[in-house]
Amino acid sequence: MKELKMKQSSSEQISTNPLIFDIKRYSINDGPGIRLTIFFKGCNLDCAWCHNPESKSSQAQKLYSIGKCAMCSACVNVCENEAISLTGEGIRTDQQLCVLCGKCAEECPTNATEISGYSKTIDELLEIIDREKTFFETSNGGITLSGGEPLLHFDFVVRLLDECKKRGIHTAIDTAGNIPTERLIEIAKRTDLFLFDIKVFDSEAHKFWTKRNNNLILKNLKVLSNIGARFQIRIPLIEGVNTGEENIINTAKMILELDGSTKRVDLLTYHSNGERKFEKLGKELNHHNLKSPSSQRIKEIIDTFMSYGIEAQIGG
Ligand code: SF4
Ligand code: SF4
């Protein structure tokens, strides 16, 4: 795993390929079987509860965790741009001077400094994917492209999906669906499964929590169902955002109107891992005090979906 999270060299940074911030092996929550999940940087929503805030920007970013910092000055000494200074409260990086060369992260003995975002060519990714084929074959698994929003990197994703198809590898796309419809249709010709996020049903509320309305998203889901694409709907459950009964009922009614796919939703409960990442990015936390609904409320939500004939389960 460590091997897959390798830091980029300067030459890799120059590539025009999209940046990746993680590649997870043995993933069991991103589609059927055992999966290799590739996380792309860049997103066109801005969800208040994002648990991967480093995915929002398509650019490389420096992460710093003061809790891991040994105050050894190795990063200060290696930085040719004199962008780092050691203070009583850990290191400070001057963003104007930092060129994201990654040398400080390579030098850091404790991984307190990391660079999020590295480039891989299609061939390099295929090499990694091919190494997992035994797991895919024995578990009916495959690869999942996630993010961020992987479909922002349309041309790259199309090429990767085409190569996987040639190799008989099952593919899934984890998407928020906020991309041009004609592009989604092209992707539907090439992928086996969409993991399609529905965040909030009401469009204005969606805009409040994600900075974008959901008109295109809901239209795209309908189109996917019309053309017979396979999809699983995923709903992140965040107390006070989308756990009210009205939102759940409206979502259930919308799902009932979709053609084809099994009537099922996967419910993803909020976790606070993203909050630590905001700190590592040196960004302010949102002030919404977000949390997961109680187990009692989750049970009620499952019951509501079931009462509409929709299978609902935690995870997926
Ligand atoms: S990424 Fe490079 S330029 Fe930026 S602080 Fe680290 S060593 Fe200096
Ligand atoms: S090299 Fe790592 S551990 Fe040492 S001062 Fe820099 S961030 Fe801290």
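These legends go with a set of close-up views of a predicted model.

Some ground rules: residues count from 1 along each chain as its sequence is written, and chains are lettered from A and ligands numbered from 1 in the order written. Local features need pLDDT of at least 70, side-chain atom pairs count only at pLDDT 80 or more, and totals for chains, interfaces and linings use all residues, while side-chain values use heavy atoms, with hydrogens and water left out.

**View 1. Confidence along the chain.** The protein chain averages a pLDDT (the predictor's confidence in each residue, from 0 to 100) of 91, and 92% of the residues score at least 70. Residues 1-15 fall below 50, yet this stretch has 36 contacts (heavy atoms within 4.5 Å) in the model beyond near neighbours in sequence.

**View 2. The shell of ligand 1.** Around ligand 1 (a heavy atom within 4 Å) sit K62, C79, N81, A83, I84, C98, V99, L100, C101, G102 and C104. Sorted by class, that gives 8 nonpolar, 2 polar and 1 charged residues. Here Ala, Val, Leu, Ile, Met, Phe, Trp, Tyr, Cys and Pro are nonpolar, Asp, Glu, Lys and Arg are charged, and the others, Gly among them, are polar.

**View 3. The shell of ligand 2.** Ligand 2 has 14 residues around it, with C69, A70, C72, C75 and C108 coming nearest. This shell holds 11 nonpolar, 3 polar and no charged residues.

**View 4. A tilted aromatic pair.** The whole structure has 4 aromatic pairs (Phe, Tyr or six-membered Trp rings with centres within 6.5 Å; planes under 30 degrees apart are stacked, over 60 edge-to-face, the rest tilted). F21 and F39 have ring centres 5.6 Å apart and planes at 45°, so they count as tilted. F21 is in strand β1 (residues 19-27) and F39 in strand β2 (residues 35-40), 18 residues apart; strands are DSSP runs of E, at least two residues, and helices runs of H or I, at least four, numbered from the N terminus.

View 5. G147 and G148 are joined by a cis peptide bond, omega about 15°, and G148 lies in the loop between β8 (142-146) and α6 (154-167). S73, not a glycine, has a positive phi of about 70°; its loop runs between β3 (61-64) and α2 (74-78).
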